[in-house]
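Dear colleague,

Please find below the structure I am handing over to you, followed by an account of what was found in it.

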Amino acid sequence: MKKVTVVVPMYYEEEMVNACYQELKKVLNGIKNYDYEMIFINDGSLDKTLPLLTKIANKDKKVKIISFSRNFGHQAAVSAGLKYVTGDAIVIIDADLQDPPKVIPDMLKLWEKGYEVIYGKRKLRKGESFFKLFTAKMYYKILNRLSSVNIPKDTGDFRLVDRKVVDVINSLPEHNLFLRGLFSFVGFKQIEFLYERDKRQAGETKYTLKKMLRLSSDGIIGFSDKPLSFLFTISAIFFIIAFVALVLLFIYPKHYLTFLMICLLNFNTSIIIFCLWLLSLYIRRINDEVRNRPLYIIDKTVNIKES
C-alpha cells in the first residue's frame, strides 16, 4: 500500500492546531488504498502549540512531532520534516489552511500519472492586501529575470512531491534555504496545479515583512550570481563619467564644475558602498557554509523512531 506523508510547519499556531489536524485527517481518511502520516514541526513556539500537538499525537500514532529548541524559521522547519518522511508521496502545507487540504487527492491523481513535482499555483488569493499581491508579483518577475532556474510565479511551498525528489533535496548541502527554488533546481517531471487560496481561518500570519525580505534575499542570492556581474559595468560607467567630468574641469574652469565633481564623487561613493553591501551578502552566505552549523536543533520528537 502506498503512503502519503504531510509535512506541516507550525509557529505559534495554537488557534489552528485542532482545525488543521481535523481537516487533514478527514481528507487523508477519504483517500482509498493509501496509508498516511502527518509530521508537525513545532518551530520554537512558546504558546500551547506543542502541548496541543502532543495531546493529539498521544491518541493518534499517525501523527508525528518534531519540536525545535528555538525558532529556526519556516524553511528549516520544512527541511526537518522532509528528513523524517516515510511516505511515497510527500505534501508540504502550512497550518493556516489557506492552502486547502481538500485538493490533495487531485494532486495525487497527477502524481499517479507520473508527475514527480506537483506545485500549487494560486489563481486566486483571498484576503491578501494589494501591497502583498503586488510585491509578490514583482519579486517573482525580478527573481526569474536574474535566475538561471525558472521559478514559477504565484507559488509557495505548497506542493506534492515524489519521495525520490525529497531524497535529492535532503542530499543538498544548502544552509540558506529557499525550497521552492531548490525544487525547481532539481528538475524531474513537474506540473502546476491551479487552486484558489483561502483566507486564514484563525490567528495572524507569522511571515513578517522582515522574514519576507530575508526569504526574498535567500531566493535571489541563492539562485543568481548576475548581481555580481553588474559590478564591473557599474564601475566602468562611473569611471567614464568621472573622467569626462575631469576633462570638462580643465576645459571650463568654472567653480560650478567643482561642485559638479563633488556631487559625482559622492554619488560614485554611494554606488561603491552599495556594491560592497551586495558583496557582503554573498560573503555572508560563504561564511554560513564554512561554519557548517546545523540548520536546526531538535529538542524532542513524538512517535518518531530514530534511524
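Please note that the model is a predicted one.

Helix α6 itself spans residues 163-171, and its buried residues are Val 165, Val 166 and Ile 169. These three lie on the same side of α6, because the arc they cover around the axis is only 100 degrees. In general, an α-helix has 3.6 residues a turn, so residues three or four places apart point the same way.

The second topic is the packing of two helices. Helix α1 (residues 17-29) packs against helix α2 (residues 49-59) at an angle of about 35 degrees, and their axes are 10 Å apart. The crossing of α1 past α2 is right-handed. On the α1 side, Val 17, Asn 18 and Tyr 21 make the contact, while α2 contributes Thr 49, Leu 52, Leu 53 and Ile 56. Of the residues in this contact, 5 are nonpolar, 2 are polar and none is charged.

Ala 19 also belongs to helix α1. Its relative accessibility is 31%, so Ala 19 counts as partly exposed. Between Ala 19 and Leu 97 the separation is 78 residues in sequence, yet 8.6 Å in space from C-alpha to C-alpha.

With kind regards

Conventions. Residues numbered from 1 in each chain as written. Predicted model: local features only at pLDDT ≥ 70, side-chain atom pairs only at ≥ 80, totals over all residues. Heavy atoms only, no water. Axes fitted to C-alpha atoms, helices over the stretch in contact; angles between N-to-C directions. Helix = DSSP H or I, 4+ residues; strand = E, 2+ residues; numbered from the N terminus. Left-handed = near helix turned anticlockwise from the far one by under 90°. Contact = heavy atoms within 4.5 Å. Nonpolar A, V, L, I, M, F, W, Y, C, P; charged D, E, K, R; others polar. Buried < 20%, exposed > 50% of the residue type's maximum accessible area, 1.4 Å probe, protein only. Arc of directions from axis to C-beta.
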